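Here is a short briefing on local geometry and packing. Keep the viewer open and follow along.

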Amino acid sequence: MISKLPDTGTTIFSVMSALAATHNAINLSQGFPDYDCSDELKALVNEAMLQGHNQYAPMPGLMPLRSAIAAKIGRLYQQNINPDTEITITPGGTYAIFTAIATCIHPGDEVIIFEPAYDSYIPNVLVNGGKPVLIPLSFPDYRINWEEVRRKITSRTKMIMLNTPHNPTGSILQENDLEELEKLVVEFNLLVLSDEVYEHLIFDGAQHHSILRYPTIYRNSFVTFSFGKVFHNTGWKMGYCVAPEHLTQEYRKVHQYLCFSVNTPMQYGLAKFLETPSHYLELAGFYQQKRDYFLDLMNGSRFTPLHSQGSYFQLMKYDRISDEGDKAFAIRLTKEAGVAVIPVSAFYQNAKDDHVIRFCFAKKNTTLEQAAARLLAV
């Protein structure tokens, strides 16, 4: 068989987690919490099971959950989204992204992707016959150079992919970014795929500039979200895609043959959980406290933090410690210091190495304390 992804091997996340297990290292590499999700949410899901909600849900998702999402969007972004025709529940955010690409990318279509990039983006485009057009974000602030974007647009350009808050850098899009994007979308009739799985994890009083705030862009957009990332239950694999009706119609044509429907009792539980806005409104403060606590613990180390404006990731330079490549340094840090991290070069196709590593701070305070104690000795 001829492989569709001949250059793809085991992801760096699996490599580093396996290395962490082998060396009994504290795992700050993979992006998931080491604490449990809400007892209230678990009870709501269990209640749905006990009430017999254990069969297939409707293909687009349960209407109570889609209505709760539409109400949340109205509260946060002042947009009126139709839950019947514009929201589709998916088994996770990564699935939502793949399905959007599979819906509209044909062989030879070009998709603009900004690097460093979440590792599924490029394979998703390739496996659907598209051509990734890679544009690096500016280092060290990881901003988009919109003039370069304009230069890379051709007659084959079909889509621009965005991620805000950004994994792995923690950067966020600003209002001027959306203004520049809007110009390109209108001028070239581009589609937009916006990965906003960390939408509630925004720090220092900043605003999340969701595509949903911008009607002109939204008309051409798929916007994807994750319950797992924000409600501390990544293993549930629950997400959703918001898109205008004409795009959602096409999206669901693909979705129905990929999985058809999504975990029923969890949809009932999440629908009830979203009825209390504090469950998502308080997330920014919760994660900012973790970011700040980790940075305070690392104060006095030889690592230099870059500013994290969102997500649950913190990048740090290590140039005061070593001049070795980031992958080699990450492996040595795991083996010798007992802390597993992710080298940021893994998020570039050309392995661009700025000597920066990524820490996940979505961990118990005791975990962060133990990790910091080891890192301070490096």
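F260 sits in the loop between helix 10 (245–258) and helix 11 (264–273). Its phi is positive, about 65°, although F260 is not a glycine. The model is a predicted one.

- Most residues other than glycine have a negative phi, and most peptide bonds are trans.
- F260 is partly exposed, with a relative accessible area of 38%.
- K237 also is not a glycine, yet has a positive phi of about 50°.
- The loop between helix 9 (227–230) and strand 8 (239–242) holds K237.
- K237 is partly exposed; its relative accessible area is 42%.
- E115 and P116 are joined by a cis peptide bond, with omega about 5°.
- P116 belongs to the loop between strand 3 (110–115) and helix 5 (121–127).
- P140 lies in the loop between strand 4 and helix 6 (146–152).

**P132 and its surroundings**

- Strand 4 (residues 131–136) contains P132.
- Leaving out residues up to four places away in sequence, P132 touches V111, I113, I122, V125 and L126.
- From P132 to A362 the separation is 230 residues in sequence and 31 Å in space, C-alpha to C-alpha.

- How many of the ten residues of helix 11 are buried? Eight are, so helix 11 is largely enclosed by the rest of the structure.
- The buried residues are T264, P265, M266, Q267, G269, L270, A271 and F273.
- These buried residues pack against helix 2 (39–50), helix 3 (63–77), strand 2 (87–90), helix 9 and helix 12 (278–281).

**Helix 3 against helix 11**

- Two packed helices are described by the angle between their axes and the distance between the axes.
- For helix 3 and helix 11, the axes come within 8 Å and cross at roughly 35°.
- This crossing of helix 3 and helix 11 is left-handed.
- On the helix 3 side, the contact uses P64, L65 and A68. On the helix 11 side, Q267, L270 and A271 meet them.
- By class, the contact of helix 3 with helix 11 has five nonpolar residues, one polar and no charged.
- Q267, L270 and A271 of this contact are also among the buried residues of helix 11.

**Helix 13 against helix 15**

- Helix 13 (residues 283–298) packs on helix 15 (residues 365–376) at an angle of about 30°, and their axes are 9 Å apart.
- Angles under 35 degrees count as roughly parallel, so helix 13 is roughly parallel to helix 15.
- The crossing of helix 13 and helix 15 is right-handed.
- Helix 13 contributes K290, Y293, F294, L297 and M298 to the contact. Helix 15 contributes N365, L368, E369, A372, L375 and L376.
- The residues of the contact of helix 13 with helix 15 divide into eight nonpolar, one polar and two charged.
- An α-helix has 3.6 residues a turn, so residues three or four places apart point the same way.

**Aromatic pairs**

- A pair of aromatic rings is described by the distance of the centres and the angle of the planes.
- Counting rings whose centres lie within 6.5 Å, the model has 21 aromatic pairs.
- Is the pair of F227 and F231 stacked or edge-to-face? The ring centres are 6.3 Å apart and the planes lie at 10°, so this pair is stacked.
- F227 is buried, with a relative accessible area of 3%. F231 is buried too, at 5%.
- The rings of F303 and F359 have centres 6.0 Å apart and planes at 90°, so this pair is edge-to-face.
- F303 and F359 link distant parts of the chain, 56 residues apart. F303 is in the loop between helix 13 and strand 9 (304–305). F359 is in strand 13 (residues 356–360).
- F303 and F359 are both buried.
- Which residues do ring pairs link into a cluster? They are Y35, Y198, F286, Y287, Y312 and F313.

Methods. Residues are numbered from 1 along each chain as its sequence is written. This is a predicted model: local features need pLDDT of at least 70, side-chain atom pairs count only at pLDDT 80 or more; totals for chains, interfaces and linings use all residues. Side-chain values use heavy atoms; hydrogens and water are left out. Axes are lines fitted to C-alpha atoms, for helices over the stretch in contact, and angles run from 0 to 180 degrees between N-to-C directions. Helices (H or I, at least four residues) and strands (E, at least two) are DSSP runs, numbered from the N terminus. Angles under 35 degrees count as roughly parallel, over 145 as roughly antiparallel, 65 to 115 as roughly perpendicular and the rest as oblique. A crossing is left-handed if the near helix is turned anticlockwise from the far one by less than a right angle, and right-handed if clockwise. Contact means heavy atoms within 4.5 Å. Ala, Val, Leu, Ile, Met, Phe, Trp, Tyr, Cys and Pro count as nonpolar, Asp, Glu, Lys and Arg as charged, and the others, Gly among them, as polar. Rings of Phe, Tyr and Trp (its six-membered ring) pair if their centres lie within 6.5 Å; planes under 30 degrees apart count as stacked, over 60 as edge-to-face and the rest as tilted. Buried means under 20% relative accessible area, exposed over 50%, partly exposed in between (1.4 Å probe, protein chains only).
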